[in-house]
Amino acid sequence: MTFSKLVDSVNSTGPFQFLLVVLLGLPILGMANHNLLQIFTAATPAHHCRPPPNASAGPWLLPVGPGGKPEPCLRFVSPPNASLPNGTRGATEPCLDGWAYNSSTGDSIVTEWDLVCDSNKLKEMAQSVFMAGTLVGGIVLGGLSDRFGRKPILSGSYLLLAASGSGAAFSPSFAVYMVLRFLCGFSMAGVTLSTVILNVEWMSTQLRAVMTVGIGYFYTAGQFILPGLAYAIPQWRWLQLTVSAPFFAFFLLSWWVPESIRWMVLSGKYPKALRILQWVAAFNGRKEAGEKLSLEELKLDLQKEISLAKAHHYSVADLFRTPVLRRVTFCLSLAWFSTGFAYYSLAMGVEDFGVNLYLLQVIFGGVDIPAKFITILSMSYLGRHTTEVIALLLAGASILALIFVPSDLQALRTVLAVFGKGCLSSSFSCLFLYTSELYPTVIRQTGMGVSNVLTRVGSMTAPLVRITGELHPFVPNLIFGATALLGGGASLFLPETLHQPLPETIEDVEKRSPPAKEPKPEPEAEKDSQRIPLQACGPNLGPS
C-alpha cells in the first residue's frame, strides 16, 4: 500500500478535505495584502519643497519643472522679485526644510520619513528587504519543515507574521520598519510552503488540481480586498495593523490543521499518525475503515518507504543526486525564477499604465478568476506539463508585444499587461501543484523551499531590471519577455504528473521518468542522440 492508497482508505474526498482547504485558505486572503501592501503604504503623493521660516516676509514662488508643475526637489534660495516676468529663475537649492505633501489621499511611509528626491531609493529598498525575507525564509524554513514537521512551521509562521506585521505599524523609525518587514517576508515563506505541502499531501490524486487552485482563489479574493481596505483606511499605520492582526486568529485556528501523515510515518511517529488517520476516517463517515487500521499494518504496508527514508539523511544536495532529479530541479528553477521575475515586474508596476491605482489593482486581481478556472481545466485534462509551458510562453509573448505598442495607446498596453499577469498567475497556480507532485515526500519541502528562493530572487531582480529603461524604454520588457519564454522552454523537459500518485522516495521519481518507447534495435550513436533533449536544460546533467 502506498501513502495515496492509505489516505484514500479513509476517504480522501470527504468533508475533512474541504474543511482543510478552508482552514489553509483563509490566511491566504491576507497573503495578498502583505505581498502587495507597499503599493499603497509607500505611495508617493505630489510634493514640493517647504518654504524656509522667513517665507512670510514676501511671496515665495517655487521653481517650475516640466509640465508647468512645481519642482519637487528644488526651491529658490531667496524669494524671487514678484515683479519679474513669469518663468524667471533665481538660484535654487535642495529642500532644506523638508517637503509639503498633498495629503488628500492619506499618508504613507514616504510622507512619514520623507522618502523622496535623494532618498527615494529607500522606498524600493523597503520592498527589496521584504522580498529578501521571503528568500531567506524559503531557505531556512523549507529544511526545518522536513525535519520538524509541516504544522509547527505553519503555526510559528502565522504567529511571527502577526507579531512582526503588527509591530511594523508602530515602527518609530524607517530602520525598525525594514527589520520588521524582513520578518514579515520570512514568515510568509513558511506559510506558503507549509500550506502547499499540507494541501497536496492530504488530497486524492483527483482532487489535487481543484483544491490547489481553490486555495489560489483565496489569494485572488485578497487582491480585491486590499484596494478596498486601502481606500477605506488611508493611514498607512492603521492599514498595516489591519492586514496583520488577523494572523493572531489564524495562529489559533492552525491547531485544527493536522500534521502530514506522510511526514509522521516517515519520521517514525506511528501512533500519532494512526490516531489522526482514524479521526479523519470518523470525520469523513468512514469510522469502521479507520478502526481496521493498526500499527502493525501501517508499518508492514509502508515498510519500503519507511526503510528508504531512514537509510539516508536528506538535504538540498539530494535535489541534484540523480539524473532525473537534476533535470527536474534545473528546469523547475528556471520556471519559478522566470515566473516570479515577470510577475512582479507587472504587479508592482501598476502606476506605469496611466490608470487609477485602485481600479487597476482590482482589474489585476479580477483577471485571476478566469485565469485560475482555465488553469483547473487545463491541468485536469491537458496535464500539468502542457499548462505550464503554454502559460509561460503566452506571458512572454504578451510582455514582448508591449515593446511594439506606442506609449499613447494606454488602453492596449493595459490589456496586454493584464493578460500577461493572468498567464503568470496561471503559471504560479500550476507550479505550486506541479512542483509538489514532481518531488518525493522525503525532500518535497526542501524542493519547494529552493523553488521559493528562485522566485524571490526573480522578484528582487525585477526592480533592478526596470532601471535599464533609462537606456531605452524597450529594454526591460525585452528582458522580462525573453526570460518568460526561456522558462517556458525549460518546462518542455519536465515529465507529466497527471493521474500519477505522489512519489514517496527518490527511487520513485527515477521510475516515474518519461516512459520509454517500445525497444527496437538501433545504432549506439542514435541512442546517444536521444539523450540530447534531457541535457538541453543545462550542462552536465547526465543521461536519464
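Predicted model: local features only at pLDDT ≥ 70, side-chain atom pairs only at ≥ 80, totals over all residues.

Visitor: How many aromatic pairs does the structure hold?

Guide: It holds 15 aromatic pairs.

Visitor: And what sits over the ring of phenylalanine 130?

Guide: That's the charged end of arginine 181, 4.2 Å from the ring's centre.

Visitor: OK, on to charges. How many salt bridges are there?

Guide: The count comes to four salt bridges. One of them joins glutamate 112 and arginine 237, with the closest N and O atoms 2.9 Å apart. That pair links distant parts of the chain: glutamate 112 is in helix H4 (residues 109–113), arginine 237 is in helix H9 (residues 236–244), and the two are 125 residues apart.

Visitor: Why does glutamate 112 count as partly exposed?

Guide: Because its relative accessibility is 36%, and partly exposed covers the range between under 20% (buried) and over 50% (exposed). Arginine 237 is partly exposed too, with a relative accessible area of 23%.

Visitor: What about aspartate 368, which side chain does it meet in a salt bridge?

Guide: Lysine 372, at 3.3 Å from N to O. Both lie in helix H18 (residues 368–381), four residues apart, which is about one turn of the helix.

Visitor: Are aspartate 368 and lysine 372 buried or exposed?

Guide: Aspartate 368 is buried, with a relative accessible area of 1%. Lysine 372 is buried as well, at 4%.

Visitor: Which residues are linked in a network of salt bridges?

Guide: Asp368, Lys372 and Lys421 are.

Visitor: And what does glutamate 437 form a salt bridge with?

Guide: With arginine 384, and the closest N and O atoms are 2.9 Å apart. This pair also links distant parts of the chain, as glutamate 437 is in helix H20 (residues 410–438) and arginine 384 is in helix H19 (residues 384–401), 53 residues apart. Both glutamate 437 and arginine 384 are buried.

Visitor: Let's stay with H20. How far apart are its end C-alpha atoms?

Guide: They're 41 Å apart, which agrees with the 42 Å that its 29 residues should span at 1.5 Å a residue.

Visitor: Where does H20 bend?

Guide: At leucine 431, by about 25°.

Visitor: How many of its residues are buried?

Guide: In H20, 23 of the 29 residues are buried, which makes the helix mostly covered. In the protein, buried residues make up 53% of the 544 residues.

Visitor: New topic: where does asparagine 102 lie?

Guide: In the loop between strand E4 (99–101) and H4. Asparagine 102 counts as partly exposed, at 38% relative accessibility.

Visitor: What is asparagine 102 in contact with, leaving aside its neighbours within four places in sequence?

Guide: Pro45 and Ala46. Proline 45 and asparagine 102 are 57 residues apart in sequence, and their C-alpha atoms are 5.9 Å apart in space.

Visitor: Last one, the overall picture. How many helices and strands are there?

Guide: There are 25 helices and four strands in the protein. As for contacts between residues at least 6 apart in sequence, 80% join residues at least 24 apart.

Terms used:
Residues numbered from 1 in each chain as written. Heavy atoms only, no water. Buried < 20%, exposed > 50% of the residue type's maximum accessible area, 1.4 Å probe, protein only. Expected span 1.5 Å × (residues − 1). Bend = angle between axes of the 7 residues up to and from the residue. Phe/Tyr/Trp six-rings, centres within 6.5 Å; stacked < 30°, edge-to-face > 60°. Lys NZ or Arg CZ within 6 Å of the ring centre and 35° of its normal. Contact = heavy atoms within 4.5 Å.
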